[in-house]
Amino acid sequence: MPSTQVTPFQIQVPDSVLDDLRARLQAARPATPAILDGGETPELIERIEGLLAYWRDGYDWRAEERRLNKFPQFRATVDGVGLHFLHVRGSGPDPLPLLLTNGWPSSFVEYLAVLEPLTEAGFSVVVPALPGLGFSDRCLDLPLSRSGLADLFNQLMVDVLGYRHYVAHGDDIGGRVVSRLGIHHSADVRAIQTANWFTLPTPDEVLDDAALAYDAAGTQWDQTHGAYAHVQETRPQTLTYALNDSPTGLAAWILEKFLTWSDPATRTGLSDDDLLTTVMIYWCTQTIGSSMRLYALQDQPRDEFGPVLVPASVLVPNEPDLPAPPESALRRAYPQLFRHRELTRGGHFLALESPETFVDEVTAAFADYLPRR
């Protein structure tokens with residue numbers, strides 16, 4: 001039996017918060033003239049400007065709030081941490097529990113379009129919000145590492161929801177969390193699939209040429225694209241002052257990631273409402289600062305590396321400029337790697353960009369664990 005009370009949850013943003021936001025958007029100072037000497041393209045700025053205009057003049061939060069509240073949402077306190085999560089039960093007599101966990105700057109909105117097809121495929125889906133994000137506790141007084149997040153999510157699945165075994169898929173930071181489920185909770189998680197971020201071989205191993213080339217490409221990516229992470233890791237509080245006070249600043253900081261990390265072929269399909277609803281969750285909960293702590297808080301060295309002890313699938317989305325890890329290195333970190341897929345369509349936010357592809361990949365990864373029909 002679950003050991004912690006699970007409480008139904010509904011999103012109800014006060015009118016005062018929306019009135020304040022409306023006033024701030026109307027009074028926002030435009031970022032002109034545009035500075036295009038960096039990495040932003042005119043097309044990117046045009047899309048962000050269009051989204052900001054829609055947020056100010058056409059976006060309907062109350063309609064979005066009603067849409068979100070149609071999904072079964074809950075809160076539970078797990079090891080002293082209040083977690084917000086979706087729990088959508090699957091069809092059939094014995095659906096397979098599936099944990100889905102996102103990263104930054106995303107939210108559970110990323111997975112809304114895949115919930116129904118996944119439950120129809122035989123999964124019961126649990127989507128927790130990372131501590132510090134959205135409607136979970138901010139946890140500003142807790143030093144939560146990736147391994148600590150894995151501990152919390154395992155307790156949610158096993159101790160709170162009562163699932164004896166489950167499978168897990170994670171994107172971005174969530175990918176590192178589910179990898180640590182495979183390191184520390186192999187008795188409970190049957191198999192994992194990770195995307196975007198991966199566990200590495202132990203540092204004392206001699207890397208082959210492919211792994212060395214991947215390391216070099218990763219360093220180049222960090223130098224070109226990684227300034228956001230360096231700021232969030234080293235100066236999160238000073239950045240929080242700006243982003244927590246300015247809705248246009250917050251939106252630009254978040255939207256740039258969605259619009260540059262997604263596959264150019266699927267980027268145009270990103271819904272304006274989905275993008276702005278994700279921004280709204282950060283704004284209304286004032287969690288941009290606490291979300292950035294995920295970059296400042298790191299695992300201890302013993303928890304940073306593999307091996308992952310459960311069967312693992314690795315999904316490499318088609319994300320612009322991001323180097324793909326060589327299979328040789330993955331097989332050292334994931335000794336039971338049974339599936340390695342490099343996608344040609346769909347980027348960092350795969351479930352949002354191409355829901356059909358996401359459902360196909362998750363179903364294929366965990367097909368051997370689904371109940372027979």
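How are helix 9 and helix 13 oriented to each other, roughly parallel or roughly antiparallel? Some notes to get you started.

1. A word on the model: it is predicted, so local features need pLDDT of at least 70 and side-chain atom pairs count only at pLDDT 80 or more, while totals for chains, interfaces and linings use all residues. Residues are numbered from 1 along each chain as its sequence is written, and side-chain values use heavy atoms, with hydrogens and water left out.

2. Back to the helices (DSSP runs of H or I, at least four residues, numbered from the N terminus, as are strands, E, at least two). The axes of helix 9 (residues 236–243) and helix 13 (residues 288–296) come within 9 Å and cross at roughly 150°. Axes are lines fitted to C-alpha atoms, for helices over the stretch in contact, and angles run from 0 to 180 degrees between N-to-C directions. The two helices are therefore roughly antiparallel (over 145 degrees; under 35 would be roughly parallel, 65 to 115 roughly perpendicular, the rest oblique).

3. Who touches whom? In helix 9, P236, L239, T240 and L243 meet I288, G289 and M292 of helix 13 (contact means heavy atoms within 4.5 Å). These residues split into five nonpolar, two polar and no charged (Pro, Leu, Ile and Met are among those counted as nonpolar, Gly as polar, and Asp, Glu, Lys and Arg as charged).

4. Strand 1 runs antiparallel to strand 2 (residues 73–78), joined by four bridges. F9 has Q73 of strand 2 as its bridge partner.

Conventions:
Pairing = 2+ DSSP bridges.
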